[in-house]
Amino acid sequence: MPRAWDTLIYVPSIALGPLTRRYLIGLDYFQERNYYFARALGDQKKQIVFVLSEEIQDDLLHAHVELLRRIFSIPADPVTNLHVLKVEQRPGVSLSAALLGDAAGISKLRSLIHGRNSGLDFWTIGPDEIALANALSLPHIGMPAKLAGADGKADAKRIFKQVGARTPQDFGVFFDIKSIWRHLKANGFPSAGTLLLKLNHEEGGNGIARLRLDAGFETRESLRTAITVDKPYIDFSEFEEEMSAQGALVEIFLADDIIASPSAKMWIDEDGNVSCLATHDQILRDSMYLGCRFPADSSYRKQVRQTALVIGRECAQEGWRGIVSVDFLVTSSPDDARETELWAIEINARKCATTHPYFWTRTLTGAALDAENDMLHVDGRPLVYQSAEYVASPLLAEISGESVLRMIEDAGLGYDPQSKEGVLVHMLSCARAHRKIGVTAISAHHHTADGYIRAVQRLITAPGHVVESNSIPPICEART
């Protein structure tokens with residue numbers, strides 16, 4: 001929160017591409033991952049307003065506020081400065097747009113911030129978020145209005161080239177299959193290998209298709225039928241429709257052995273100064289994000305940090321602000337298997353899935369960042385963490401969020417402020433609907449953090465736990 005503000009309004013509005021919003025299961029439940037903002041209540045002059053969907057339950061927020069109160073000795077009175085404003089959010093409508101369309105909600109928000117120095121923070125910034133900020137005549141943290149949505153695939157590729165970062169060869173942005181076919185017939189692509197078609201504003205692997213260049217493709221239709229969309233639940237007609245709207249960056253698929261998928265998280269302050277907050281190794285399966293480990297492996301960590309800072313400074317020069325992350329791939333060198341190569345892949349300007357484990361860990365432990373080694377230290381010892389977004393069990397459909405939290409605490413797995421180790425549940429409201437929760441495990445060692453997550457997984461799948469059979473809502477039919 002900027003020092004001049006005494007009120008932060010956090011609107012975790014998930015502004016992503018249409019296919020991502022349609023198919024990324026439980027997307028809007030990401031709203032509850034950033035409750036660490038409540039730490040500001042330690043200053044009795046500060047006020048926090050969380051704007052949430054009605055679908056978000058209260059169990060996790062209550063648990064997080066109580067944990068922060070215990071750790072930081074926050075008296076009960078300042079908690080009255082925490083306000084939760086819930087709005088009805090229809091499918092396909094962003095949280096910002098839902099609030100804008102809720103006259104009573106806007107009126108209540110105005111009354112909460114009347115006479116105060118207030119501002120907005122968002123999960124990410126798109127047209128709906130800018131419209132909300134303008135309607136309230138309030139400043140916001142992060143990307144300025146003129147750059148909302150500037151973190152698409154094409155802009156990232158342009159920035160990588162400008163700073164000389166290694167990135168897969170690309171052939172530009174295409175808006176239809178006809179243009180790709182013409183480029184192919186003009187020998188504009190290699191004669192072999194695989195092309196990736198990456199929709200400009202989709203995430204989570206929901207906007208990727210592939211084309212193997214091992215045939216002649218005499219007609220446009222033969223080319224069209226040869227393109228396969230990575231996600232089997234997305235029809236090619238949907239992909240093609242979005243391609244015409246947002247464009248698809250076409251680049252060479254890295255056929256080398258991919259060793260890792262690290263990322264770097266940066267902060268660009270209002271003056272354009274860039275800091276690297278953390279490096280992570282992302283845990284992926286079929287381009288789906290499952291979790292992360294902090295920090296990235298020491299064999300390439302320094303290179304990830306240095307390259308990300310070069311990219312971040314270019315972003316800052318162009319006016320980017322707030323949280324910015326860069327995704328990379330590490331491959332083995334074709335010349336020497338003992339050597340690796342680092343490839344810049346994407347830039348994201350949002351509170352992506354490596355954000356909440358980092359800030360929760362820093363908030364709970366008070367750990368200091370050693371920027372030279374990209375390590376966290378607390379009480380003279382190193383600290384690591386692992387985050388998992390898919391700790392899943394069918395049994396979660398039958399128990400309340402409060403019971404899930406109690407089970408973890410009773411098993412001795414919950415975060416312990418004394419040892420500064422244990423598990424924090426960062427996503428819970430989706431448990432019944434989608435039978436999964438998100439957890440962050442903090443420890444001095446990765447094998448211990450991994451053990452914590454495995455223990456939670458065993459706990460929620462173990463037979464014999466208390467099952468609440470009353471008032472069980474119908475299970476949502478989610479497309480997987």
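**Salt bridges and cores**

Colleague: What does Asp58 count as, going by relative accessibility?
Modeller: At 35% relative accessibility, Asp58 counts as partly exposed. Buried is under 20% relative accessible area, exposed is over 50%, and partly exposed lies in between, with a 1.4 Å probe and protein chains only. This is a predicted model: local features need pLDDT of at least 70 and side-chain atom pairs pLDDT 80 or more, while totals for chains, interfaces and linings use all residues. Residues are numbered from 1 along each chain as its sequence is written, and side-chain values use heavy atoms, without hydrogens or water.

Colleague: Which side chain meets Asp58 in a salt bridge?
Modeller: Lys86, at 2.8 Å, N to O. A salt bridge here puts a Lys or Arg side-chain nitrogen within 4 Å of an Asp or Glu carboxyl oxygen.

Colleague: And how many salt bridges does the structure hold?
Modeller: There are 22. Arg158 and Glu318 form one of them, at 2.9 Å. Lys153, Glu203, Glu346 and Arg350 are linked in a network.

Colleague: Changing topic, how many disulfides are there?
Modeller: The count is 0, taking a disulfide as two cysteine sulfur atoms within 2.5 Å. The sulfur of Cys276 is 12 Å from the closest cysteine sulfur, in Cys352, so that is too far for a bond.

Colleague: Which residues touch the most other members of the largest nonpolar core?
Modeller: Among them are Tyr35, Phe50 and Val456, in a core of 65 residues. Such a core joins buried Ala, Val, Leu, Ile, Met, Phe, Trp, Tyr and Cys residues through side-chain atoms within 4.5 Å. A second, separate core has 52 residues, including Ile125 and Leu309.
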